[in-house]
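Subject: A structure for you to explore

Hi,

Here is the structure I promised to send you. Have a look at it first, and then read my notes below with the picture open beside you.

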Amino acid sequence: MHFSRMILQLLKSRRRPCQGLWDASRLSLRVLPTEIDIFGHVNNGMYFSIMDLGRLDMMVRSGVWKTLQAKGWSGVVSAETISFRKSLRLGHRYDIDTRLIGADGRTVFFEHRIVVDDEIFARAYVGTRLTAKSGTITRDDMVEVFGAPPEDLELPDWLIEWSRNNSLPSRRQPAPHDWR
């Protein structure tokens, strides 16, 4: 279901107005029956899938999607965190506000807000990495292709620390599971 919805959003986003890479993006949606749980509200795990749509819309409208496709690059989520205030229920109309908030050596960070009538219902931070067959794309590679971020843009210290503390070893290193 999510794949189909992403393809549909990709097609819709191509018809929406262009925007700058560093501009905040807004995507308006409605809660679907497939997104709610047995308690009648959007399932907590579904929020991240919904936010995928916000990032996709932003990438398409800013031209990043076309560039990624041309270079053979792909984005993969490396870490994410979310906080909730209020529940979205079936049929609720809401907006996903998305903005790029910076990058460290290998990770690009996005902030997403689920907003109803200009009130934040949920907020998430998502770290993504750009990859190619040759491996992870570095910040220098990204700056070369997409340009430097605005000078006044600085990742919050807590987000850098969270990313460092939350990360797992590289996929080339062992990560043993020892709960047994």
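Let me start with A124, which counts as buried because its relative accessibility is 0%. (Buried means under 20% relative accessible area, exposed means over 50%, and partly exposed is in between, with a 1.4 Å probe and protein chains only.) A124 sits in strand β5. Strands here are DSSP runs of E with at least two residues, helices are runs of H or I with at least four, and both are numbered from the N terminus.

Before going further, please keep in mind that this is a predicted model, where local features need pLDDT of at least 70, side-chain atom pairs count only at pLDDT 80 or more, and totals for chains, interfaces and linings use all residues. Residues are numbered from 1 along each chain as its sequence is written, and side-chain values use heavy atoms, with hydrogens and water left out.

What does A124 touch, leaving aside its neighbours within four places in sequence? A124 is in contact with F48, M51, T81, I82, F110, E111 and H112, where contact means heavy atoms within 4.5 Å. For one of these, E111, the C-alpha atom is separated from that of A124 by 5.8 Å, although the two residues are 13 apart along the chain.

Another buried residue is S13, which counts as such because its relative accessibility is 1%. You will find S13 in helix α1, where it touches D57, V60 and R61 if residues up to four places away in sequence are not counted.

Now turn to the loop between β4 and β5, where D117 and D118 lie. D117 has a phi near 50°, a positive value in a residue other than glycine. D118 is not a glycine either, and its phi is positive too, at about 65°. D117 is exposed, with a relative accessible area of 73%, and D118 is exposed at 69%.

Next, the aromatic rings. A pair of aromatic rings is described by the distance of the centres and the angle of the planes. Rings of Phe, Tyr and Trp (its six-membered ring) pair if their centres lie within 6.5 Å; planes under 30 degrees apart count as stacked, over 60 as edge-to-face and the rest as tilted. How many aromatic pairs does the whole structure have? The search finds three. In one of them, the ring centres of Y47 and F84 are 5.0 Å apart and the planes are at 65°, so the pair is edge-to-face. Y47 is in helix α2 and F84 in strand β2, 37 residues apart, so this pair links distant parts of the chain. Y47 is buried at 3% relative accessibility, whereas F84 is partly exposed at 42%. W73 and F146 form an edge-to-face pair as well, with 6.4 Å from centre to centre and 70° between the planes. W73 lies in the loop between α3 and β2, and F146 in helix α4, 73 residues away. W73 is buried, with a relative accessible area of 12%, and F146 is partly exposed, with 24%.

Finally, the pockets. On a 1 Å grid over the protein atoms alone, a pocket is an open set of points where a 1.4 Å probe fits, with protein on both sides within 12 Å along at least five of seven lines, and lining residues have an atom within 4 Å of a point. The largest pocket has a volume of about 680 Å³, a volume being the space filled by probe spheres set on the points, which are joined across faces, edges and corners. It is lined by 33 residues, and M59, L68, G75, F110 and L130 are the closest to its centre. Helix α2 gives the most to this lining, with five residues.

Enjoy exploring!
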